[in-house]
Amino acid sequence: MASTAVMAVLLAGSPLVLAQTSFPSSTGVVASQTSSSAAAFVTNIQLSLDDYWDLYIGPVANASINTTVTPTPIPSSSLIPPPSLYYPSFPSGQQVPLQSQNESWKFPKDFWYGVAGASYQIEGAVKAEGRGPSIWDRLTRVPNYVVTNDTGDVANNNYYLYKEDVARIAALGIKTYSFSLSWSRIFPFGSGAVNEAALAHYDDVIDTCLEYGVTPMVTLYHWDLPLFLQNAYGGWLSDKIVPDFVAYANLAFTRWHSKVHYWFTVNEPIVFCTNYPLPEHYFTKTDIPSIQQKYYCGHNVLLAHSEAYHVGKSINASLSISLKHNGGYKIPRTNSSADAAAVQRAWDFQEGWFSDPVFLTGDYPSSLKSYVSTFLPAFTDAQKEKINGSADIYAHDAYTSDFIMAPDSGIEACTKNESHSLFPSCYNTTKLYANNYWALGPASDPGSPWLNKATDWVPAFLHYMQDTWKPRGGVAITEFGISEPYEELRKDLASILIDPIRSSYYVDYLKAILIALSEGVDVVGTLAWSIYDNLEWSQGYGVKFGIQYVNLTTQERYFKASAFEYVNMFQVYQEK
Ligand code: NOJ
């Protein structure tokens, strides 16, 4: 692997700002182009990958376990289901498999269910074996960007413990494992030189899944952009990302298409695009106005995703390739026409932003387009053609719902006023019913204010996805879960492991899917978020979504009750 790159170093006062304007080739160095800036001193220096880490990230923590661990047998005592959370009318026992069954519900035989995780949130080993830094290695160094100042340096040490992790979910009866590749592990500088050690690592993760009878599902991009690409050209803000992402996708599809059937190009673009603008002074400056940045990002995501989709299909036409959407079900707060219009704007500025182009028209919903066309180039006919149809299933990380209402000022007063606080989307949201008293369902941890258990709306949501975007391969819930409130305050294992809110979330959500299935919605699979507690991005490790608890000091894993409740729903309801 090449370890040097030529960079233009801009010294623009304090803190140090670095901008790379050239890229490593497979031999390490290509011609550089220096950029100039009146306020900056520009020069070329050669930096190795280690220098790059040192300059941008500084010291990283290392785990005490730093070689791949052979799994130990999962103790049968840890596979005993918990006491029942739901009591049937005639108490028949203490354990979940004894629940009474609704005979008219079933999950089809080929319905897949599994658990999900993502590279930066679980892998750790950030500097191991040639990995380059990602923007999240940098963001975790911005003081208080992560509320706890936690980093992903060690995380769940999944980089070395993946065999154990796969063995554990297999022992529980979970059939699918969805994980993401770390782009900067594979291409330490985002493009150019490939890190063979990373390929060998993911070869083994995939082979381990297959060995345990677990279907691997791979996401190419789960927010950990190679830092080099952010600094070189603004990452997703620039269309230069398109060929880089496509080259990365091409490599992954080529290497693993015969072993991995299900692929997701990007995870939740609404979230990572809304993450722009990145904190000032930590990344190379951009001239794109802050309010527009997320839409530049979205534009380049659609171009990159659709190109990658077609590359994947040309390598193996039978692959299932999609992108993971997010948002939530949108309930009109009242039956006024203003709230109905606000609901439509909410769909347009959330799911519709990516779903309408990919599933309906190749272009944005009209309300979004009337805003973005004031600064973004229109998609060409050829681009629209590529975008339209570029997903095989409708994959949605459908956690929750919101009430939607028109802004107090009315929608029009907002759309005409760029300084309105809700501009440009111009709809308002709340978790409270119109009585302003009750929330729409039990709250999650305060670190996830966007999320309440709103499982009553899941059947309506599933119908909406199918009826609106008409996916040819059905609808998949590619993430769902809840952060049990204040879970981090529980210190003894016995109280940590029984997680009633998460358990009822999964049971009620899966019942809602069974209802939707019985009503004709083609739901094809679910992935629980998450395989275990992990780095909840800017909320750190304190906000927990896992169906397993992880003692981060010893790296021991423990099944929570919700893990059993989740699996049990399939044991009871899936056709054999
Ligand atoms: C969706 C994201 O994909 C995942 O990374 C995150 O941890 C969960 N939501 C929970 O917030």
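Twelve names make up the ligand's surroundings: Gln 121, His 222, Trp 223, Asn 267, Glu 268, Tyr 399, Trp 450, Glu 479, Trp 529, Glu 536, Trp 537 and Phe 545. A residue is near a molecule if one of its heavy atoms lies within 4 Å of it. The model is predicted: local features need pLDDT of at least 70, side-chain atom pairs count only at pLDDT 80 or more, and totals for chains, interfaces and linings use all residues. Residues are numbered from 1 along each chain as its sequence is written, and side-chain values use heavy atoms, with hydrogens and water left out.

The shell holds six nonpolar, three polar and three charged residues. Here Ala, Val, Leu, Ile, Met, Phe, Trp, Tyr, Cys and Pro count as nonpolar, Asp, Glu, Lys and Arg as charged, and the others, Gly among them, as polar.

Look next at the polar contacts (pairs of N or O atoms within 3.5 Å). The side chain of Glu 536 places an N or O atom 2.5 Å from a ligand oxygen. For Trp 529, a side-chain N or O atom lies 3.2 Å from an oxygen of the ligand. Tyr 399 has a polar side-chain atom 3.2 Å from a ligand nitrogen. On its own, the ligand has 290 Å² of accessible area, and the protein covers 96% of that. Such areas come from the Shrake-Rupley method with a 1.4 Å probe.

Trp 529 also takes part in a cis peptide bond, with Ser 530 as its partner and omega about 20 degrees. Ser 530 lies in the loop between β13 (523-529) and β14 (548-551). Strands are DSSP runs of E, at least two residues; helices are runs of H or I, at least four; both are numbered from the N terminus.

Another cis bond runs from Tyr 276 to Pro 277, with omega near 0 degrees. Pro 277 belongs to the loop between α9 (269-274) and α10 (290-315). Asn 144 is not a glycine, yet its phi is positive, about 65 degrees. Most residues other than glycine have a negative phi, and most peptide bonds are trans.

Salt bridges number 23 (a side-chain nitrogen of Lys or Arg within 4 Å of a carboxyl oxygen of Asp or Glu). One of them joins Arg 185 to Glu 123, with the closest N and O atoms 2.8 Å apart. This pair links distant parts of the chain, 62 residues apart: Arg 185 is in helix α5 (residues 183-186), Glu 123 in the loop between α2 (119-122) and α3 (135-139).

Key:
A polar contact is a pair of N or O atoms within 3.5 Å; within protein, one must be able to donate a hydrogen and the other to accept it, and residues adjacent in sequence count only if both atoms are side-chain atoms.
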